[in-house]
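Subject: Structure handover

Hello,

The structure is below, followed by notes on what was found in it. Please read the notes alongside the coordinates.

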Amino acid sequence: MKTARKVPGCDKRYGLAVVFLLVCLTPTVTGVVDVTIVSKYQFFDASDHTRLYCYYTGSYSNQNGYQFGVEVDTGSGTTFTPQRSTSLVTGEWWRTRILDTAGDFRVGAFSCQVSNGSQTEKAITFKMKSRADVWPVAFTVTASLGDPVTLQMVQKSSRTGTLLWRKDGVRGTVLTGQNGLNLTIASVQPSDEGIYECYYQGYTDRRQGIMRLIVRGCAKNKWGPPSCTGDCPMCYNGGVCDDNTGECVCPPGFHGQNCESACTNNKIGTSCTRECDGGDCTGQLLCVMDPYGCSCAPGLMGIECNTECPEGLYGAGCTQSCNCAAGPAACNKRTGFCTGGCPVLWTGDSCQIRTDIMEPQDCADVFALGMQDSHVYTIGHPQPFQAYCDMDTDGGGWTVIQRRQDGSVPFDKTWTEYEQGFGNPSGEYWLGLGNIHSLTTQKQNELYVYLEDWETNSRFARYSTFSVGDAGSKYTATIDGYSGDNAGDSLDPSNTRHSINIRQFSTTDQDNDGISTDCAGTFGQGGWWYTPSCGYSMLNGQYLTGCSVPAPGSCRSADGIIWSTWLGYRYSLKKTVMMIRPADFPVSSFRPCENGGNLASGPEDSGLFICACPAGWNGEFCDQACSPACSPGEFGPGCTGTCRCANGDSVCDDVTGVCSSGGCEVGWKEDNCQTGRHINFCTL
């Protein structure tokens, strides 16, 4: 299955010598409800006023009679303190100042909620005493169903005693057996979601640490509980897939359907129209809708949100790694924008997007791309591995899963080694049961077995159906449809007692053959799908060199590399090759580059490829013609963009809208003098 990721409607540009990958991404506001709650001075001293801000679209929902809610009772009830001053700013956002006279009420989890009638969203933030005994490492942790999770606190005071954890406030649950700074949940469930506090037993001075666990109701990369059959989109820049809607919830300061674009000028919100008080988000905790939770603003990190990102990291909370062609120093710590552009095969505002990249799953895909020399290639994405591709036998496209030829690699290996694979793909090797399972699960495959004796005579056996189950099935083999040239059927003979069909894999340290005889330990010590009779074939047995000539051989019975229906149990073969190929070969979702395009590879051994297109062509295979040139004053696809250059239309690039000199007309800004983000289109 092809796994290239694309952004719909996108064109790309390639120079003559250097490949430039560009993506067309426009700001997109998903849904109509958006809410961000900001905690300014999330850690406060006894004499401090502290502030909350709520930025939203939709209609504000009062909670318990007030614009801000108290999520749980952490010691001062759930009614918002009257010791406050509140105002609505320009009809767009609320702010409240909680006065120092509110005392311990300032400690807790606070929320703001908005609705449009059919959709309701809430964001939750936190405040703690700066002299709290313990501080959380992070105010929110987001986990997917079944994930292992550790909630972490750090000691901040000299207080000693017994630490306790409780969930969901004073009316919630004190968690027994949890008396350290870390609370670990082996497999998180929806019932684990909530607000957690860590505090010293016997003290009531509200110096607890507070944090929240958010649990997505589906496994990672899935959405739509309870069945969770939906595949999540790719969420960039730290965005999180909403398990209920399948949409990306973006970090503060990022927007777009896939969170692919950064807001400019320190703006926040999905429409990039809000900003922190005073235009500076330093020292403020920004919390958005679940399942994202809370983080610092872009370019800042630390629990107090007052530390600048180190070189090489960017984004909200500095959680994202820079990916710039010119190195980490070229990376904007807020947006991830790269001065000097992206590395080859990467694109997007922050160079996080791989677009129009071909990721071959097997050697048939490699063949279809036009690489038709027998060689070692990287295949198997998204968990790539190296395999030898036979591009000569019967039309090519074969993935070699086993090769014996000179005895250089012992095959008396453990279960783990057979599971992971061993040897050298250029010589003797075993691809690995996990990899074989992956290849034979995605497509229906056939199996080709090449056999050669010590006098260079050869035979083959072919099976129209072959697959290997997963680890839970002990890599059970399924095989059917024999044909060949007098080798005989040693894998699936008519007598099922000798067939490997529906047989589990066994090794010397894991006997799954189902009989009292330990076939692997008794015959050849190689891993194999042993049958109730141990079988007619054992291609992973010992490599024996002196007992097969002259035929019929004098090796110890069934100790060598055996294909008994050809040369019997006492003849150990010189060479064997097991290869698989999709049953519908040469059908493939891949094809060679068209219209003069050249196949370009990504980083060494990555197994990633793109078609580098000549001027006038784009598309995954250079199969789409670019639109004609625009008239003066127009740019972009269909020439729908209007140039806004101060020096007139002659300096406006008809592809990008960028002004080569003089900058933008008054009232316009950004790279191409448009109100949206920078858009790149196909070279004309």
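Tyr66 counts as buried at 5% relative accessibility (buried means under 20% relative accessible area with a 1.4 Å probe, protein chains only). This is a predicted model, in which local features need pLDDT of at least 70 and side-chain atom pairs count only at pLDDT 80 or more, while totals for chains, interfaces and linings use all residues. Residues are numbered from 1 along each chain as its sequence is written, and side-chain values use heavy atoms, leaving out hydrogens and water.

The charged end of Arg84 sits over the ring of Tyr66, 3.7 Å from its centre (the criterion is NZ of Lys or CZ of Arg within 6 Å of the ring centre and within 35 degrees of the ring normal). Arg403 likewise lies over the face of Tyr388, at 4.4 Å from the ring centre.

There are 28 aromatic pairs in the structure (rings of Phe, Tyr and Trp, the last by its six-membered ring, with centres within 6.5 Å; stacked is under 30 degrees between planes, edge-to-face over 60, tilted the rest). Phe43 and Trp135 are stacked, because their ring centres are 3.9 Å apart and their planes at 20°. Both Phe43 and Trp135 are buried.

Thr74 is buried, with a relative accessible area of 3%. The side chain of Thr74 reaches the backbone oxygen of Val107 at 3.4 Å. Thr507 is buried too, at 0% relative accessibility.

Regards

Methods
Buried means under 20% relative accessible area, exposed over 50%, partly exposed in between (1.4 Å probe, protein chains only). A polar contact is a pair of N or O atoms within 3.5 Å; within protein, one must be able to donate a hydrogen and the other to accept it, and residues adjacent in sequence count only if both atoms are side-chain atoms.
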